[in-house]
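Visitor: I've got a structure here and would like to walk through it with you. Shall we take it piece by piece?

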Amino acid sequence: MNTLAESFSVALAMITHLDPRVTAIVALSLGVSLTSTVCSAVIGLPLGAAVAIGRFPGRGPLIVALNAAMGLPPVVVGLLVYLLLSRAGPLGSMGLLFTPQAMVIAQTVLIVPLVAALTRQIVEDAWIEYREQLRSLDSSWLQSTLTLLWDTRWSLLTVVLAGFGRAASEVGAVIIVGGNIDGITRVMTTAIALETSKGDLPLALGLGIVLITLVTTLNLGAHVTRQWARARLG
Amino acid sequence: MTKLFRRLTGAFACLLLAAAALAQQPFIVVASTTSTEQSGLFPQLLPAFEKDTGINVRVVAVGTGQALDIGRRGDADVVFVHDKTAELKWLAEGEGVRRYPVMYNDFVLVGPASDPARVKGSKDITTALKAIADAKAPFVSRADKSGTHAAELRLWKDAGVDIDTAKGPWYRETGSGMGAALNTASELNAYILADRGTWLNFKNRGELGIAVEGDKRLFNQYGVMLVNPDKHPNVKKELGQKFIDWLVSPRGQAVIAAYKIGGEQLFFPNAGTDS
Amino acid sequence: MGDAEWGGLPIAASAVDVARGDTQVLQGVDVLIERGTRTFILGENGAGKSTLLRVLHGLIAPTRGTVTWGGDTSRPPRQAMVFQRPVLLRRSAAGNVRHALKLAGVRGSSAQRCIEHALAHVGLAALAKRPARVLSGGEQQRLALARAWALAPDVLFLDEPTASLDPPSARAVEAIVNDIHALGTTIVMTTHHLAQAKRLADSVVLLQAGRVAEHTAAAQFFSEPCSAYGRAFLEGERL
C-alpha cells in the first residue's frame, strides 16, 4: 500500500515538474510507438482488407496464421528482429541494431498481424453486407477494398488504437533490439523494467502510471470521436 | 482527419530528425553488464568522457555472457565486463584485441536479518557458503552466465560444495540481472551474492543486509576490450580505443575513484596491474 | 437515356441449373426477358425467385446452362439492382449516388448534375447532404432507386423492394419504378405482393420449387392461368 501511495505522488510530481529525463523517455516512447502504429496501419489495413475480399488458394490457412500471430510473444519477435539486424545477421550492414529505428521495426512486426487480422474481420463483415450491391455496381476488387476501408473507418480506428496500445505497452521486443540505452533507446516500458530491477519500485510504478494515463487518454479521445461519428453518420 | 494526419507526419518527421541528429555525433556502442549499470557508475563516468572527447557512449547493459556474445556478433565496439576467465577465453577465440584491467570492486554476501545459516559477520566466504548449503538456507542465484554468476559458481567449488548435486528447493535460480535477483532475494528473505556497487544502489532491501564481506576471494575485477576490427570491419576501432585509453588514463581512473554512494567508494581503479 | 444501343437485351436464360451444396435451387429454367418489358417473378418462399433474379443480373453463375445478354455471354455494364433492404454506404445521400457514378466512370460536374436530377426525381433533393443511414426505410429505398436512376440502366432488377415498407412508401417506390420504366428501362422484379404484380407487370414468370411453372403475359396470368399450379397459386392468395 505504501508503495502505491508513494508511486502516485511520484507520478504526479513527474507530470507536473516535467522532469527532462522523464519527458525525453515519454517523447521517445510516443515517437517509437506512434511511428510503428502508422507503419503497421499502412501495411496491415490494406492487407487485412485484401484477405477479407480476395479469394485465393491458401486463404483459410493465412487467416488462421494472422489470427495466431496476434498472440506473438513480443520477446520472441524481439529476438527474431535482433538476429535479423545484428551485424552477424542478414541486414547487419544497415547498422540498425540498438537504435530507435530497430525498435520501430520490431514493434511494426509485432502489431501488423494484429491490425491485419482485426481489419480482416471488420472488412469481411462489411463485405458480406455490401458484396452484392458492389458487384452489381461493377466495382473492381481494388475499388471495393478502398470503399470498404473508408466505410468502416471508425471501426478501423479502434483497431489502430489497439495496435498502438500493444506497441506502447510491450517491453520484450524493444528491450532486446534497442538495448535500453540511456538517452537513446530507453522508453517508458524499458525504464520501468530497469527501475524495477534496481529496486526503485515507486519510480517504476510512477512511470507505469504515466504510461497508463497516456494510453487511456488516447483511447478516450478515440471513443468520443467514434460516438460523435456514429451520431453524425449512422 | 487531415489534422490528425498532419500531426502524425509531424511526429514521424521529428523522429527522423532526432535520429539524424543522433547520427551526427560520433558514438561507440559498449556492451557492459547489468551490475556495472545498476551500480550507477555510468552516469558519472560517461559524461566525463564525452566532455573530454566529444564521443557519445551508448551502453547496452546485459549479463557478461550476453555482452561477450554481442561482441562476438560485432554489434558492439567495446566490451566492458567482469569475468576474467571468460574474457581471456573470448580473446583466445580471436574476438577481441587486448584486455586492459580497469578497476575492481568486491562481492558481498547479502542475507536476511534472521540469518538462518549463522554466517553473519564471517570473513570466510567458503565456510559461509558451506554452512548455507548444509542448512539448506534459501539462496538466490542469478544463474545467467554473468560475471557474478561465474564468481558464485567458483566460490561454491572452493567451498567444496558440488552445487549441481546439492541444489534443491532452497537454491533458487532466477536467470536474471543483479537487481531483479536482489528483488527476489528480498521477497524470499534469501542469501545472495551481489556486487557491492549494485547492493549500495539497491533500494528494495526489505530485511536484507550484508552478511559476509572482506574475503579476498570476493575480489571482482573489471576488464575492457576492443572488439576485433579484423573480424568485424564495422567496429569503430579509433573511437573505441580512445575510450579504453581514457578509462586506464589517470583522468579516467580518477573519475572512477571519485564515484561514491553515501560517502563510500564503490570501485577501486587498478589499471596497469596484472589483474 | 440510352436506348440507341441494343447491347444487353434480350436476356436469355437457357436450361439454367443452380445448385447450392446438395440443394437444387433452380432446375432447367428457360426465361426470355424482352426489351422494354416489366417482368415479375412470382412464387412461394424458397421457389428460387431471388436466385433467378441474380442469375439474370449476372451476380450468380449457373451450375449448368447459359445466360446471354443480347447474345453476349459476358455481363453488360448498364444494369442496376435494388435489394429488399437498401445497401447504402456510410456517407451522405448524394455521396452514395456519387459513389455509383464514379464506378460507372462519371465524375465532376456531369456527375453532380446526374445526382441532383436523380434525387429530385425521387423527392430526396432536400436530404442530399443527410447521412444515408439516418434516413427512414422508405427514404433509403428511394435513395437506392435514385442511385439506380442516375446510372441510366438498360435493365433494372428489383428484389422485393417494397417488402419492408409501409403502404405509402411502397406506392412511392412503385411510382418511381414506373417512371424509370417510362424512360425505356426494362424492369425485372420479384415480389410477394400479387396486387402489386397485377398493377405493374406486363409479363409474369411463376416459379415452383426451382422450375418455371408458367411464363405468360400478366393479363393472361391473372385472369386465366395456363397451369394447374398457377391456378392453385392464385387461389391460395385469395384465401
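Predicted model: local features only at pLDDT ≥ 70, side-chain atom pairs only at ≥ 80, totals over all residues.

Visitor: What is the strand order of the open sheet in chain C?

Guide: Strand 5 and strand 9 (211-217) of chain C are the edges, each pairing on one side only. Neighbouring strands are turned by 15° against each other on average, with direction ignored. The pairing is mixed across the six strands, and the order is 5-6-7-3-8-9.

Visitor: Where in chain C is confidence highest, and where is it lowest?

Guide: Overall, chain C has a mean pLDDT of 92, with 96% of its residues at 70 or more. Strand 6 (residues 155-159) of chain C has the highest confidence, at 97, and the lowest is a mean of 84, in helix 8 (residues 228-238) of chain C.

Visitor: Chain C is split into domains. Which element gives the largest share of the side of domain 1 that touches domain 2?

Guide: The assignment gives domain 1 as 1-78 + 153-239 and domain 2 as 88-151, with C-alpha centres 25 Å apart. Their contact takes 12 residues from domain 1 of chain C and 10 residues from domain 2 of chain C. On the domain 1 side there are eight nonpolar, two polar and two charged residues. Six residues there, the largest share, come from helix 5 (residues 167-182) of chain C.

Visitor: Over to chain B. How many helices and strands are there in chain B?

Guide: Chain B has 275 residues, of which 45% count as buried, and its C-alpha atoms fill a box of roughly 65 × 55 × 40 Å along the principal axes. Among its contacts between residues at least 6 apart in sequence, 77% join residues at least 24 apart. As for the elements, chain B has 12 helices and 12 strands.

Visitor: Which helix gives the largest share of the side of domain 1 of chain B that touches domain 2 of chain B?

Guide: Chain B is divided into domain 1 (25-104 + 221-269) and domain 2 (106-218), whose C-alpha centres lie 26 Å apart. In their contact, 20 residues of domain 1 of chain B meet 15 residues of domain 2 of chain B. Helix 2 (34-38), helix 4 (64-72) and helix 5 (84-92) of chain B each give two or more residues to the domain 1 side. The largest share, three residues, comes from helix 2 of chain B.

Visitor: And what is the make-up of that side by class?

Guide: This is still the side of domain 1 of chain B that touches domain 2 of chain B. It splits into two charged, six nonpolar and 12 polar residues.

Visitor: Now the whole complex. Which chains have the most contacts between them?

Guide: The predictor gives the complex an ipTM of 0.91 and a pTM of 0.84. No contact joins chain B and chain C, and their closest C-alpha atoms lie 15 Å apart. Two pairs of chains touch, and the most contacts are between chains A and B.

Visitor: Which helix of chain A gives the largest share of the side that touches chain B?

Guide: That contact takes 21 residues from chain A and 26 residues from chain B. Helix 2 (20-53) and helix 5 (100-136) of chain A each give two or more residues to the chain A side. By class, this side has nine nonpolar, eight polar and four charged residues. Its largest share is four residues, from helix 2 of chain A.

Visitor: And which helix of chain A gives the largest share of the side that touches chain C?

Guide: Here 15 residues of chain A are in contact with 14 residues of chain C. The chain A side has three nonpolar, six polar and six charged residues. Helix 5, helix 6 (141-151) and helix 10 (201-233) of chain A each give two or more residues. The largest share, six residues, comes from helix 5 of chain A.

Key: Residues numbered from 1 in each chain as written. Chains lettered and ligands numbered in written order. Contact = placed C-beta atoms within 7 Å. Nonpolar A, V, L, I, M, F, W, Y, C, P; charged D, E, K, R; others polar. pLDDT = per-residue confidence, 0-100. Domains from an automatic or database assignment. Buried ≥ 20, exposed ≤ 12 C-beta atoms within 10 Å, placed from the backbone. Pairing = 2+ DSSP bridges. Axes fitted to C-alpha atoms, helices over the stretch in contact; angles between N-to-C directions.
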